[in-house]
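Here are my notes on the model you sent. Please read them with the structure open beside you.

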Amino acid sequence: MKDIEQLVNQLSSEAKPIRPAPSPWMLSLKWSGAALAYLLVALAASGLRTDLALALQHPLYVAEMLLLLLILLSTTLGSALLAFPDLHQKRALAYTPIALFVLFILLLIFAWRADAPPAPFPVHSFECTLDITLISLLPAALAFFALRGYASTHPNWAGSFALLAAFSVGAIWLRLYEVNDSILHVVQWHYLPMVAVGLLGWFAGRRLLNW
């Protein structure tokens with residue numbers, strides 16, 4: 001009996017204290033702050049669109065930017081909640097990005113119908129998707145690296161939201177940088193690729209975030 005007590009005391013003295021995981025709220029705040037700081041650095045390097053003051057006078061453009069920002073914040077929060085096995089009992093909040101994407105689609109449909117006569121297409125096409133993707137690579141890599149340190153039981157959704165958050169950073173950056181009023185171009189080369197990115201995150205999450 002004495003030997004067992006000595007063994008327990010020895011093991012207890014050798015055990016290292018475990019630092020509790022931060023709350024998803026703090027994680028979300030940290031990740032959102034890092035994403036916004038990265039966005040500001042990217043805009044400082046590229047500059048803002050020369051007609052930004054004029055663009056901000058259009059309610060649909062302002063609504064588009066606000067919804068993009070909300071998508072960024074909600075996917076970041078959703079990823080943080082999905083990083084925990086029980087989602088911190090906030091399942092509905094974790095899947096808020098889905099509702100925001102529905103609103104975003106409705107806004108784009110309304111903007112498309114209001115674009116009469118249609119604004120001229122810019123001279124470029126897929127370059128926008130490429131630019132957004134390049135800007136998104138760093139936050140996407142950091143998001144997956146951070147999520148691997150947790151125990152998500154919903155790796156598909158966590159991966160999808162993480163990549164969508166990263167892609168949203170690039171989408172916001174380009175809309176604040178590129179002088180472009182063609183809603184058809186924006187839908188085709190800015191936002192339709194988000195569907196592919198979400199699917200890529202779904203499969204990447206299953207492969208990289210399982211435990």
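The points below go from the whole fold to single residues.

1. **Ground rules.** This is a predicted model, in which local features need pLDDT of at least 70, side-chain atom pairs count only at pLDDT 80 or more, and totals for chains, interfaces and linings use all residues. Residues are numbered from 1 along each chain as its sequence is written, and side-chain values use heavy atoms, with hydrogens and water left out.

2. **Overall fold.** The protein has nine helices and zero strands. Along the sequence the pattern reads α-α-α-α-α-α-α-α-α. Helices (H or I, at least four residues) and strands (E, at least two) are DSSP runs, numbered from the N terminus.

3. **Burial and surface.** Of the 211 residues, 44% count as buried. Buried means under 20% relative accessible area, exposed means over 50%, and partly exposed lies in between (1.4 Å probe, protein chains only). The accessible surface comes to about 12200 Å², and 71% of that belongs to carbon and sulfur atoms. These areas come from the Shrake-Rupley method with a 1.4 Å probe; for residues, only the protein chains shown count as cover.

4. **Contacts across the chain.** Take the contacts in the protein with a separation of 6 or more: residues 24 or more positions apart account for 85% of them. Contact means heavy atoms within 4.5 Å.

5. Does the length of helix 7 agree or disagree with what its residue count predicts? At 1.5 Å a residue, its 21 residues should span 30 Å, and the end C-alpha atoms are 30 Å apart, so the two agree. The expected span is 1.5 Å times one less than the number of residues. Helix 7 also bends by about 40° at L137, and a proline, P139, follows within four residues. The bend at a residue is the angle between axes fitted to the seven residues ending there and the seven starting there.

6. **Helix 7, buried side.** The buried residues of helix 7 are C128, T129, I132, I135, S136, P139, A140, F144 and L147. An α-helix has 3.6 residues a turn, so residues three or four places apart point the same way. Look for that spacing in the list. The cover over these buried residues includes helix 2 (24–46), helix 4, helix 8 (155–177) and helix 9 (183–208).

7. **T129.** This residue is in helix 7 (residues 127–147). T129 counts as buried because its relative accessibility is 17%. Beyond residues up to four places away in sequence, T129 touches W189 and P193. A polar atom of the T129 side chain lies 2.6 Å from the backbone oxygen of W189. A polar contact is a pair of N or O atoms within 3.5 Å; within protein, one must be able to donate a hydrogen and the other to accept it, and residues adjacent in sequence count only if both atoms are side-chain atoms.

8. **Helix 8.** Is helix 8 largely enclosed or largely open? Of its 23 residues, 21 are buried, so helix 8 is largely enclosed by the rest of the structure. Its 23 residues should span 33 Å at 1.5 Å a residue, and the end C-alpha atoms are 33 Å apart, which agrees.

9. **Aromatic pairs.** Rings of Phe, Tyr and Trp (its six-membered ring) pair if their centres lie within 6.5 Å; planes under 30 degrees apart count as stacked, over 60 as edge-to-face and the rest as tilted. By this rule there are seven aromatic pairs. W157 and W202 form an edge-to-face pair, 5.1 Å centre to centre with 80° between the planes. W157 lies in helix 8 and W202 in helix 9, so the pair ties together parts that are 45 residues apart in sequence. W157 is partly exposed at 29% relative accessibility, and W202 is partly exposed at 27%. Y95, W157, F161 and W202 form one aromatic cluster.

10. **A35.** This residue lies in helix 2. At 11% relative accessibility, A35 counts as buried. Leaving aside neighbours within four places in sequence, A35 is in contact with L72 and V169.

11. **A cis bond.** Most peptide bonds are trans. A116 and P117 are joined by a cis peptide bond, with omega about -5°. P117 is in the loop between helix 6 (96–114) and helix 7.
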